[in-house]
Amino acid sequence: MQRAHFMHPSLQSIESQLGHSPLTQIAHPVLSQHKIDLWLKRDDLLHPVISGNKWRKLKYSVDHALSLGCDTLVSMGGAYSNHLHALACLGKKLGMHTIGYIRGERLQNLTPTLSDLAAWGMELRFISRADYRTLRWQGLPGKLPGQYWLPEGGAQTLALKGVMEMVDELGTGYDSVCLPCGTGATLAGVIQAVPKRVSVLGFAVFRKAEFLSDDVNRWLRRPYNNWQIVHDYSFGGFAKTGPELMAFIECFQALTAVPLEPVYTGKMLFGLFDWVAKGYFPPGQRIVAVHTGGLQGNRGYGHQRDQHTVNANDR
Ligand SMILES: Cc1ncc(COP(=O)(O)O)c(C=O)c1O
């Protein structure tokens, strides 16, 4: 089923440039050994910056902002935030002012992500971690007329609508969908859009993310029983990595020529391949995994992608 939604003409014009992302079959010895048919929804290819689930999650929120006559988009994130990166770029394209509340003190040298935000005209407001936590729960109470507030990660109900369109692009004939899970908004959109017989697996990228199921249930308008969140592949926490994960990513990239990052899609695929190797999927399953983009985040890992170069708490 194709959902047709009308958007502001300037967003419509960006959408027509982006088109649909490809669905690519993945060849890998582990898959053939277990007779698993894996396809990757390459949302990372949608746009060099507004890529992956970022475009899906932002489009209807920004459309809402435009319909309200707002000229300023305000949001929050860490020093490597994919969300702020996409928002700043999109704001610039649309001629809108953008403001980003950044977690933590201003560093002497901006991260590559923050340098991009500044170059695209985003006003950077650095706030303490305590104030950041307050902002996360309360939003921006004193926002000025013309300002539109987007929560961390762009996670609000309107985000689900764009994600559902991604599912429409998958067609039919698949048994499971796998995706990485941060706030759970993308997962909720996928759950709402897939046919009932399809199972959905979200791979949590945070440690101790058991609260996520409640969050996802809040996004959903009614109960669904075809989904679960897997908590075993966070590698110790958000943006943390380990030699096993990095070796998997190197090998996957060498075999498939698909670029990965270790924060979201890398972790999800590691978990998915572990499930395949453990025989958790029956032979003959057709699985779609969503590449949610965020490749700019690789710049936080330096040339060797050494985890010691990353301050994981700043993501
Ligand atoms: C690249 C990437 N993938 C996946 C996610 C997780 O999406 P969600 O927060 O909707 O669970 C994010 C965060 O928004 C992200 O930046």
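Guide: A residue is taken to be near a molecule if its C-beta atom, placed from the backbone, lies within 6 Å of it. The model considered here is predicted. In this model 18 residues surround the ligand, and the closest are G182, T183, T186, T292 and G294. Two or more residues of the shell are given by each of α4 (82-94), β7 (176-181) and α8 (185-193). Of the elements, α8 supplies the largest share, with 3 residues.

Six strands, in the order β1-β2-β10-β7-β8-β9, form an open sheet with mixed pairing. Because β1 (23-26) and β9 (227-230) each have a single partner strand, they stand at the edges, and one side of each is left without a neighbour in the sheet. From one strand to the next, the twist averages 25°. Strands of a sheet pair through backbone hydrogen bonds, in either a parallel or an antiparallel manner. Between β7 and β8 (residues 199-204) the arrangement is parallel, with 6 bridges joining the two strands. At C181, the bridge partner in β8 is A204.

Beyond β8, the loop that runs between this strand and α9 (212-219) contains K208. The phi of K208 is near 50°, a positive value in a residue other than glycine. K208 counts as exposed because it has 10 C-beta neighbours inside 10 Å, where the limit for an exposed residue is 12 or fewer.

A positive phi, about 55°, also belongs to F235, which is not a glycine. F235 is located in the loop between β9 and α10. With 22 other C-beta atoms within 10 Å, F235 is buried, since 20 or more are required for that class.

Helix α10 (residues 243-256) contains I249. I249 counts as buried because 22 C-beta neighbours lie inside 10 Å. Apart from neighbours within four places in sequence, I249 is in contact with L260, P262 and G266. I249 and P259 are 10 residues apart in sequence, and their C-alpha atoms are 8.5 Å apart in space.

How values were computed:
Residues are numbered from 1 along each chain as its sequence is written. This is a predicted model: local features need pLDDT of at least 70, side-chain atom pairs count only at pLDDT 80 or more; totals for chains, interfaces and linings use all residues. Helices (H or I, at least four residues) and strands (E, at least two) are DSSP runs, numbered from the N terminus. Two residues are in contact if their C-beta atoms, placed from the backbone, lie within 7 Å. Two strands pair if DSSP finds at least two bridges between them. Axes are lines fitted to C-alpha atoms, for helices over the stretch in contact, and angles run from 0 to 180 degrees between N-to-C directions.
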